[in-house]
Amino acid sequence: MRIECDVLVVGAGPVGTTFSYIASKKGLDVVVVDRKNEIAAPLRGGEAVSKFLFEEFYQDLPFLEKMHTWPIEDTVIYNPVSKIITKEQKWKSFMLNRKETEKTLAQAAIKAGSKLRLSTTVTDIVMKGKNIDYAKAKSIQGEIEIKPKIVVGADGVTSIIRRKLLGDTLFSGIKDWGCAIEIEVTNLDLDSENSMQLFMGDIIGGYGYIFPKGNDRADVGVGARPFYGKNPFTSRSPFEDFYILAELNPDMNRQLKRASPLEIKGGIIDLSAPLYPVYGNTILVGDSANQNFAYVGEGIIPGLQAAVIAGQKVAEAIESNSYEVLKQYAEEYEASFIGQEARRTVQIKDNISSVIAMDLPNDIKSMLTAMLELEMIQWDGKELKTALKYKSIKDLTDYAKKLIIKKEMNIEINLR
Ligand SMILES: Cc1cc2nc3c(=O)[nH]c(=O)nc-3n(C[C@H](O)[C@H](O)[C@H](O)COP(=O)(O)OP(=O)(O)OC[C@H]3O[C@@H](n4cnc5c(N)ncnc54)[C@H](O)[C@@H]3O)c2cc1C
């Protein structure tokens, strides 16, 4: 069977369906395929989004405003030497009901005219010069060919579209990656229902977390770079890391000791710099293009931003019959606040990695890491050289407090 359409969207995750909604609203004939049998199932994970950035999408994606969102008022970082609380705007968040959000996005795309085909796996692409001519897919109806004018690779971190375009290895285009295990739990003894908690200093190159979401539930887990500086064959999995942390970290254990899982999720998180996303008649959007806030591994907001811009530019490209217009998608995404922020967060993550690799006492590393994560030290590392001169935790903390006052930040540091 052969299907012809304006746009083939590979992947009906949050980014693919957002793109499909915008493009269909512009009148394009959109076919969106996903290998899953159900939208958002199994869920890889991840329900935290920045509140003020999420609200920015209500204009383009008005149905998001009706989503149930659990408010997170502040973020607490625990490390072996301190408890740090930030109430900075950036760290105020919403916890989404992600399954419901993804189904609502898919529903909006369908109502706008997109044709969603589940249980349909793209297995190969056939090129014609620099453009994709058609895609081959396996579906419950057997082998199909889909011949679009434009292809959108919204197929996530292991994107077949990216691999086919950049070199067919699993991690083509990915230079740095992490792995997260996330468990939705109930039966909690939370310190606060509205605080996101990060546990740093115990997991090298990562952190443990508790993200409450109301109704005696929370997403808890570990985001780690499992082979960080280690032999992969002797390294612990993030799952093992999580159970050790939940047992041995007193702050985590106090809140989770009675907890029981409702759902286990997990997957790879790309932490590389965003990729250039335009190749002939094909664009990459979302995780497939490494559009992610790398210092926390959050890709929903950057992906939605890219999808909204891409939807408009693909419509213009089809209307003007010119693939050149697609390049404006790359430019506009890079120029947007969120695109710039994604670049900055890669730099923050790289600064943190360089501190972790330094020969420093663990308590100093823990404090420096928190200072970088919360941007007491500017994203480009401006004050890192000075911070590295402080050899005691008290002197370093005094410097951190000076930076907080100077930058008028709403952050409190309590030494233990
Ligand atoms: C454990 C964990 C926790 C996370 N926590 C957060 C968080 O709190 N906040 C946040 O913002 N982000 C978080 N993330 C990252 C977030 O999940 C991603 O950034 C986001 O899902 C990217 O959306 P996407 O649509 O680009 O890709 P995906 O959600 O991965 O969707 C890609 C879709 O493509 C489909 N697909 C892939 N290959 C094919 C193929 N060959 N044929 C057909 N279909 C295909 C897949 O089935 C999938 O449905 C987390 C990730 C993990 C793993």
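Biologist: How many helices and strands does the secondary structure of the chain come to?

Modeller: The chain comes to 12 helices and 19 strands. The model is predicted.

Biologist: What makes the radius of gyration of the chain agree with that of a compact globule?

Modeller: A compact globule of 416 residues would have a radius of gyration near 22 Å, and the chain has 22 Å, so the value agrees. Along the principal axes, the C-alpha atoms fill a box of roughly 65 × 45 × 45 Å.

Biologist: What share of the residues in the chain is buried?

Modeller: Buried residues make up 50% of the 416. As for contacts, among those with a separation of 6 or more, 69% are between residues 24 or more positions apart.

Biologist: Which domains does the assignment give?

Modeller: Domain 1 (2–47 + 97–174 + 274–335), domain 2 (177–270) and domain 3 (344–415). The contact between domain 2 and domain 3 takes four residues from domain 2 and six residues from domain 3. On the side of domain 2 that touches domain 3, two residues are nonpolar, two are polar and none is charged. The C-alpha centres of these two domains lie 23 Å apart.

Biologist: Why is the ligand shell said to lie between domain 1 and domain 2?

Modeller: Both domains give residues to the shell around the ligand, so the shell lies between them.

Biologist: Which residues come nearest to the ligand?

Modeller: Of the 38 residues around the ligand, the nearest are Gly-13, Gly-45, Gly-46, Gly-286 and Gly-299. By class, the shell has 14 nonpolar, 14 polar and 10 charged residues.

Biologist: Which elements supply at least two residues of that shell?

Modeller: α1 (14–25), β3 (48–50), β9 (121–128), β12 (177–186), β16 (260–270) and α7 (300–320) each do. The largest share, four residues, comes from β16.

Biologist: Which residues touch the most other members of the largest nonpolar core?

Modeller: That core has 124 residues, and Phe-19, Val-152, Val-285, Ala-310, Val-314 and Met-371 touch the most other members. Helix α7 gives the most to this core, with 12 residues.

Biologist: What does Val-152 touch?

Modeller: Not counting residues up to four places away in sequence, Val-152 touches Val-7, Val-9, Val-10, Phe-19, Ile-283, Val-285 and Ala-310.

Biologist: Why is Ala-154 called buried?

Modeller: A residue is buried if 20 or more other C-beta atoms lie within 10 Å of its own. Ala-154 has 32 such neighbours, so it counts as buried. Ala-154 lies in the loop between β11 (142–153) and α4 (160–166). Leaving aside neighbours within four places in sequence, the contacts of Ala-154 include Val-9, Gly-13, Phe-19, Val-285 and Gly-286. Ala-154 and Thr-17 are 137 residues apart in sequence, yet 8.8 Å apart in space, C-alpha to C-alpha.

Biologist: Is Asn-290 buried or exposed, and how do you know that?

Modeller: Asn-290 has 27 other C-beta atoms within 10 Å, so it is buried. This residue is found in the loop between β18 (282–284) and α7.

Biologist: What is the phi of Asn-290?

Modeller: Phi is positive, about 60°, although Asn-290 is not a glycine. Most residues other than glycine have a negative phi.

Biologist: What makes Asn-321 count as buried or exposed?

Modeller: Asn-321 has 8, so it counts as exposed. Asn-321 lies in the loop between α7 and α8 (326–335). Its phi is near 55°, a positive value in a residue other than glycine.

Biologist: Why is Tyr-243 called partly exposed?

Modeller: The partly exposed class lies in between the two cut-offs, 12 or fewer for exposed and 20 or more for buried. Tyr-243 has 15 other C-beta atoms within 10 Å, so it is partly exposed. Tyr-243 is found in helix α5 (residues 238–248). Between the C-alpha atoms of Tyr-243 and Pro-62, 181 residues apart along the chain, the separation is 40 Å.

Biologist: What kind of peptide bond joins Ala-41 and Pro-42?

Modeller: A cis bond, with omega about -5°. Most peptide bonds are trans. Pro-42 lies in the loop between β2 (30–33) and β3.

Conventions. Residues are numbered from 1 along each chain as its sequence is written. This is a predicted model: local features need pLDDT of at least 70, side-chain atom pairs count only at pLDDT 80 or more; totals for chains, interfaces and linings use all residues. A residue is near a molecule or strand if its C-beta atom, placed from the backbone, lies within 6 Å of it. Ala, Val, Leu, Ile, Met, Phe, Trp, Tyr, Cys and Pro count as nonpolar, Asp, Glu, Lys and Arg as charged, and the others, Gly among them, as polar. Domain bounds come from an automatic or database domain assignment. Two residues are in contact if their C-beta atoms, placed from the backbone, lie within 7 Å. The radius of gyration is taken over C-alpha atoms; the globule rule is 2.2 Å times the number of residues to the power 0.38. A nonpolar core is a set of buried Ala, Val, Leu, Ile, Met, Phe, Trp, Tyr and Cys residues joined through C-beta atoms within 7 Å.
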